[in-house]
Amino acid sequence: MSEDQRTVEMETIVSLCKRRGFVFQSSEIYGGFESTWDYGPLGVELKNNVKRAWWRAMVQERDDIVGIDAAILMHPRVWEASGHVQEFNDPMVQCKERGHRFRADHVESERCPECGSEFLPPRQFNMMFKTHAGPAEGDENVVFLRPETAQGIFVNFENVQTTTRKKLPFGIAQQGKSFRNEVTTGNFLFRTREFEQMEMEFFVKPGTEQEWYDYWRNERLDWFVRFGVRPENLRLREYDPDELAHYSSGTTDIEYLFPMGWSELEGIASRTDFDLKAHQSYSGKSLTYFDDETQEHYVPYVVEPACGTDRAVLVMLLDAYREEEVKGEKRIVMRFHPAIAPYKVAVLPLSRNERLAPLAKEVAALVRPHFMSTYDDAQSIGRRYRRQDEIGTPYCVTVDFESLDDNAVTVRDRDSMSQDRVEIADLVADLRTRLAATGA
Ligand code: ATP
């Protein structure tokens, strides 16, 4: 078996995603809608698994982090306090003739690359989507779609702290949709206007933020490796002091080697007490913490790992892709970590022979309540193995004519392609042991 380790082209992944039902262009029958994507039957499983793996590591396996799920629509003052109304702007240029817009720092010439006309002078453009709450469309009922999930955490700091009685250091985690009216979108799921985030605000005693910042940088990098991303395709990039947001005492990006080059996958920021203090001053409510040990009230400092869910899904797809040669034939295999793979098990009757179908369906029904699984009886067994390889299913269970006599099936491993005979009575336990051994 030979492995091709080259970074795969984006086009290859986009086409595999469409062909196999991972990701479709949004509103495709209307010609598509710019830079928006719909997750298909396999994509929704993949994305849910990425979210579950994050939740497991960030919430379930820890006693110092709890979760919330805040609303997308929030009080408009939230975005004044956070600075998004005043500062969430990209300077933009617009061309005279056709109104094409570009980020000022993304254009090199004086003329529009689309139509050749001159640019008007650059102006600020706020990236928040604006709408109105209720039937009237006045200035008084303007609301924004949240551009990040983090603020829903900050405004609930007091509620969570008092109801859970957590002591510092502790964290609040959240996953959900965010919206940014990005000027430049593209690279498939990498930059879109509607996307999901997985963010966690870790509240710490002032003075301890550096050690937690170092801790979370490593912890988050390790998470990607734990769930199957090759370490050589990941790196940490620490910001220079002049790149830092005014409130940040340190920021590091976890970068991935995307087909277009090293780019941000997740950001880890030491945010001082900026957010809680801002909400305290805009809301007039105290957001301090009472430290039993020192008998002091203070506003905690915050370290935030902020990951884009869709970017993480894209990384899982890009990094899993392999083209291998097996006995002179090419096979495409998605080497997803089993926890991330959309289906864990595929049940395949050796052929469509009517004697095999009842037992194969019985085996499928046996497996289905325990693992996300699929059943496939179309075309030759070899082609069906290849189809499961191409969507990354770790185990194929084959029911053959011998199964009718010995009540056993063959379990084939996606990566080694080794095959073992397993009694049907032991099948669920066997698959469970195999999956547990991979950390799934
Ligand atoms: P970028 O510089 O790529 O625009 P950012 O630094 O503005 O990203 P953050 O505000 O730190 O991003 O958001 C945290 C994470 O959310 C990013 O690391 C990224 O994974 C994800 N993210 C941000 N904007 C988008 C987007 N438009 N589409 C998809 N994911 C995004």
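**Strand pairing, core and ligand shell of a predicted model**

In strand E24, the bridge partner of alanine 408 is glutamate 423. The structure is a predicted model, in which local features need pLDDT of at least 70 and side-chain atom pairs count only at pLDDT 80 or more, while totals for chains, interfaces and linings use all residues. Residues are numbered from 1 along each chain as its sequence is written. Helices (H or I, at least four residues) and strands (E, at least two) are DSSP runs numbered from the N terminus, and two strands pair if DSSP finds at least two bridges between them.

Strand E23 (residues 408-413) and E24 run antiparallel and are joined by five bridges. Threonine 410 has arginine 421 as its bridge partner in E24. The hairpin of E23 and E24 has five residues between the strands, and methionine 417 in this hairpin takes a positive phi near 60°. A residue is buried if 20 or more other C-beta atoms lie within 10 Å of its own, exposed if 12 or fewer, and partly exposed in between, with C-beta atoms placed from the backbone. Strand E24 (residues 419-423) lies largely in the open, because the number buried among its five residues is zero. Strand E22 (residues 395-399) is also joined to E23, by four bridges, and these two strands run antiparallel. Here tyrosine 395 stands opposite aspartate 413 in E23.

The chain as a whole contains 13 helices and 24 strands. Its C-alpha trace spans about 75 × 65 × 45 Å along the principal axes. Of the 440 residues of the chain, 35% count as buried. Two residues are in contact if their C-beta atoms, placed from the backbone, lie within 7 Å. Among contacts between residues at least 6 apart in sequence, 64% join residues at least 24 apart.

The chain is divided into domain 1 (2-74 + 142-317) and domain 2 (343-437), with bounds that come from an automatic or database domain assignment. The centres of the two domains, taken over C-alpha atoms, are separated by 37 Å. A nonpolar core is a set of buried Ala, Val, Leu, Ile, Met, Phe, Trp, Tyr and Cys residues joined through C-beta atoms within 7 Å. The largest such core has 87 residues, of which Met316, Leu317, Val347 and Val397 touch the most other members. Helix H9 gives the most to this core, with eight residues. Domain 1 and domain 2 each supply at least three residues to this core. Leaving aside neighbours within four places in sequence, methionine 316 is in contact with Leu46, Val50, Phe336 and Ile340.

Helix H10 (residues 357-367) includes proline 358. Proline 358 is exposed, because 12 other C-beta atoms lie within 10 Å. The C-alpha atoms of proline 358 and tryptophan 79 are separated by 60 Å, the two residues being 279 residues apart along the chain.

The ligand is surrounded by 16 residues, the closest being Phe195, Gly267, Ala306, Gly308 and Arg311; a residue is near a molecule or strand if its C-beta atom, placed from the backbone, lies within 6 Å of it. At least two residues of this shell come from each of strand E11 (194-204), strand E14 (261-270), strand E17 (301-308) and helix H9 (309-320). E14 gives the most, with four residues. By class, the shell has four nonpolar, four polar and eight charged residues.

Definitions and conventions. Nonpolar A, V, L, I, M, F, W, Y, C, P; charged D, E, K, R; others polar.
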